[in-house]
Amino acid sequence: MTELKNDRFLRALLKQPVDVTPVWMMRQAGRYLPEYRATRSLAGDFMALCTNPELACEVTLQPLERYPLDAAILFSDILTIPDAMGLGLYFETGEGPKFKKVIRTEADVNALKVINPEQDLPYVVNAVKTIRRELNGRVPLIGFSGSPWTLATYMIEGGSSRDFRRAKEMLYNQPQVMHQLLDVLAESVIVYLNAQIQAGAQAVQIFDTWGGALSHAAYQEFSLNYMQKIVSGLIREHEGRQVPVILFTKGGGQWLEAMAATGATALGLDWTTDIGAARARVGNKVALQGNMDPSILYASPERIRAEVGSILASFGAGSGHVFNLGHGITPEVDPAHAGAFINAVHDLSASYHA
C-alpha cells in the first residue's frame, strides 16, 4: 500500500486537523481543459474515452498536472449502471445522454437484474486500479455513482428531462413499481461502489443530481431512503483507513438534517445554501463539501478570490470543510480562472486552521 503524500482531503472529511482547506472540482477532468479535448478527440467519442481504462486514467490525471488539487476523481459517467443493465447508453452532440431502450412498464422493471461490476463494468474497475497505481499516493482517489432516483429518471425518460413527467407519473401512479426499480438500482450501486473501493477508491460520492426535483415527502421516500440503504451497505474501512461517503443532492439544502442522519461522512452543498447556516444545522455530525457557484469562474480572478474568501469566512475556523463548486465546472471556463480559484482556497484558508 503506497502511503498518501497529501491526505488533507480525507482528513477534512473526517473532521481531523488540516493545514489548509482541501479543494477539488466536480467535473475537474472535462471540456474546459484543452488537453482533455485532445484526448477525447483521440478516443473518438465520450463513451470510447470512458471505456478505455488507460485513456480514462490519462484524463483523470490531467487536472492534477495543471493544478495543486487535493483529490482525483475517477473519470466515468453516472449512467454506467443503466448501460450495464442493457439500456444502451449513447450521447447525442449538444443533447446529452440518451438510452436506446427505456423503462416504462412493470415488465420492464421485472427484467432488470442487479449488476456484477467485474463482469458488466470491467472497464470502470480497471480504470480505478490503473488510476490508483499511476497516482502513486499523490492524492486520494474518489469513486462515485449516480443515486437510484437520478438513475431512474434517465432510465424512464430516456435521457435528460425538464419536468420528469414519466418518472413522476410512475412514482405517483405505480409507486410499488418505482420502489422495485429503485431497489434493484440501490443494490447495484452498493456492489458497484464496493467494487470501486476494493479496486482502490479511497472515498466515494453519490450524485443525487435530480433529488431536488421531488416534493418533500417524495424525496424522503424515493430518494433519501435508497441512499440510506446504500450508505449502510458500503465498505467503510479498507487498506487500514476509513472510506468516507459523500452524499450530494443538488437542490437538497432543505433536507440536510435528514441527509446527515444517514450515516454519511459528508454532505455536498450546491450554491443555494449558505455553508455557515448548513454547518450550524448539522453540527458535528458530518463534514461539508462545497459550494461556490460554478458561474463565478467566468468572473475576474479578483472576484473569484473574493468569493472564495466569503465562503471560507461563512464556514469559519476548524476542519470539516472540503472546498468545491456547487456543481460541475462548465466547459467555457478559462482554465486560468480555475487555477485562480484553487490557489485562492489554499492561500486564504490557512488562517482558519492555525
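**Exercise 1. Threonine 209**

Task: state which residues threonine 209 touches, not counting residues up to four places away in sequence, and where threonine 209 is found.

Solution. Threonine 209 touches Ile78, Thr150, Lys250 and His327, leaving aside residues up to four places away in sequence; contact means heavy atoms within 4.5 Å. The model is predicted: local features need pLDDT of at least 70, side-chain atom pairs count only at pLDDT 80 or more, and totals for chains, interfaces and linings use all residues. Residues are numbered from 1 along each chain as its sequence is written, and side-chain values use heavy atoms, with hydrogens and water left out. Next, the location: threonine 209 is in the loop between β5 (203-208) and α12 (216-233). Helices (H or I, at least four residues) and strands (E, at least two) are DSSP runs, numbered from the N terminus. Last, the burial: threonine 209 has a relative accessible area of 12% and is therefore buried. The classes are buried under 20% relative accessible area, exposed over 50%, and partly exposed in between (1.4 Å probe, protein chains only).

**Exercise 2. Threonine 265**

Task: decide whether threonine 265 is buried or exposed, and find which side chain joins it in a polar contact.

Solution. Threonine 265 is found in the loop between α13 (256-260) and β9 (266-268). Its relative accessible area is 11%, so threonine 265 is buried. The side chains of threonine 265 and arginine 236 are joined by a polar contact of 3.1 Å. A polar contact is a pair of N or O atoms within 3.5 Å; within protein, one must be able to donate a hydrogen and the other to accept it, and residues adjacent in sequence count only if both atoms are side-chain atoms. Not counting residues up to four places away in sequence, the residues that threonine 265 touches include Leu13, Leu14, Val243 and Val286.

**Exercise 3. Cysteines**

Task: give the count of disulfides.

Solution. A disulfide is a pair of cysteine sulfur atoms within 2.5 Å. By this rule the count is zero. Cysteine 50 is in no disulfide, and the nearest cysteine sulfur, that of cysteine 57, is 14 Å away. Cysteine 57 is likewise in no disulfide, with the sulfur of cysteine 50 as the nearest cysteine sulfur, 14 Å away. Cysteine 50 is buried, with a relative accessible area of 2%, and cysteine 57 counts as buried at 5%.

**Exercise 4. The sheet and the hairpin**

Task: give the order of the seven strands in the open sheet, and say which strands stand at the edges.

Solution. The order is β1-β4-β5-β8-β9-β10-β11, with parallel pairing. β1 (72-73) and β11 (321-322) stand at the edges; each has a single partner strand, so one side of each is left without a neighbour in the sheet. Two strands pair if DSSP finds at least two bridges between them. β1 pairs with β4 (residues 141-146) over two bridges, and alanine 72 has leucine 141 as its bridge partner in β4.

Phenylalanine 91 has proline 97 as its bridge partner in β3. Three residues lie between β2 and β3, and glycine 94 in the turn has a positive phi of about 80 degrees.

**Exercise 5. Helix α8**

Solution. Just after α8, asparagine 136 takes a positive phi of about 50 degrees.
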